[in-house]
Amino acid sequence: MTVATMELESRVLDMLQKVGIRKGQTILDFGCGYGMYTMPVAKIAGKQGRVYALDKDKEALDALMQKIKSAGLKNVERMETSGELEIELTNESVDGVLLFEVFHSFYFPQAEDRRRLLGEIYRIMKPSAFLSISVWPNLVETETENEIENADFRLEKEVCETPTDNKGLETYRTLVFRKA
Ligand SMILES: C[S@@+](CC[C@H](N)C(=O)[O-])C[C@H]1O[C@@H](n2cnc3c(N)ncnc32)[C@H](O)[C@@H]1O
């Protein structure tokens, strides 16, 4: 691991702890992609925790699961979907949901789809769970926060900057919501 990679991983771990990831939790990483956050979340959640890595991109999931295996992590479960909005998890079963760089009109152009996805997320969240949404500011449509609050969530905090591997080019907003 290079110094730059170690520094990035340490910043990601720090940000995830601020978001609310803790040892022993069950977390859904919706739209996990290649797992920029899945691996560090799995490290924090530890053996007693579980991370559901959900994506519709088979190649990204294949690559992620290979990295997970090489790292010796056994607490990540692959959830490959065809992009449907239903989430195959039971009611009130997760401590947190990450929607990082996915909850915007590029992936969900229809407001109705965004509303349905938020409804599914609400359903699977335990009463004390959090929902964290990170987006590039240009993609935060003015109505995004309202949409989330209208889906029965309340904004708890904003965690200033999300580290990315394009350091310096992009500053993401990371918002943390709770059930209202
Ligand atoms: C920009 S990437 C973000 C990856 C990761 N969350 C991160 O922040 O590095 C968005 C990911 O969301 C996935 N995605 C988009 N719409 C989806 C859907 N309806 N169901 C599952 N995954 C979806 C894409 O396949 C892609 O891997």
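This is a predicted model: local features need pLDDT of at least 70, side-chain atom pairs count only at pLDDT 80 or more; totals for chains, interfaces and linings use all residues.
View 1. Residues are numbered from 1 along each chain as its sequence is written, and side-chain values use heavy atoms, with hydrogens and water left out.

View 2. A backbone N or O atom of G31 lies 2.7 Å from a nitrogen atom of the ligand, and for a backbone N or O atom of F100 the distance to a ligand nitrogen atom is 2.9 Å. A polar backbone atom of K56 is found 3.4 Å from a nitrogen atom of the ligand. Each pair is a polar contact (N or O atoms within 3.5 Å).

**View 3. Packing of helix α1 against helix α2.** Helix α1 (residues 3–19) and helix α2 (residues 38–45) pack at an angle of about 65 degrees, with their axes 10 Å apart; helices here are DSSP runs of H or I with at least four residues, and strands are runs of E with at least two. Axes are lines fitted to C-alpha atoms over the stretch in contact, and angles run from 0 to 180 degrees between N-to-C directions. The contact (heavy atoms within 4.5 Å) is made by E9, V12, L13, L16 and Q17 of α1 together with P40, V41, K43 and I44 of α2. These contact residues divide into six nonpolar, one polar and two charged.

**View 4. Burial of helix α2.** Seven of the eight residues of α2 are buried (under 20% relative accessible area, with a 1.4 Å probe and protein chains only), namely T38, M39, P40, V41, A42, I44 and A45. The buried residues of α2 pack against α1, β1 (26–30), β2, α3 (58–70), β3 (76–80) and β4 (94–100). Just after α2, G46 takes a positive phi of about 70 degrees.

**View 5. T38 of helix α2 and V51 of strand β2.** T38 is found in α2 and counts as buried because its relative accessibility is 0%, and V51, in strand β2 (residues 50–55), is likewise buried at 0%. Their C-alpha atoms are 7.3 Å apart in space, although the residues are 13 apart in sequence. Leaving aside neighbours within four places in sequence, V51 is in contact with I27, T38, V41, A42, N75, V76 and E77, whereas T38 touches D29, C32, V51, A53, L64 and V76.

Conventions
Ala, Val, Leu, Ile, Met, Phe, Trp, Tyr, Cys and Pro count as nonpolar, Asp, Glu, Lys and Arg as charged, and the others, Gly among them, as polar. Buried means under 20% relative accessible area, exposed over 50%, partly exposed in between (1.4 Å probe, protein chains only). A polar contact is a pair of N or O atoms within 3.5 Å; within protein, one must be able to donate a hydrogen and the other to accept it, and residues adjacent in sequence count only if both atoms are side-chain atoms.
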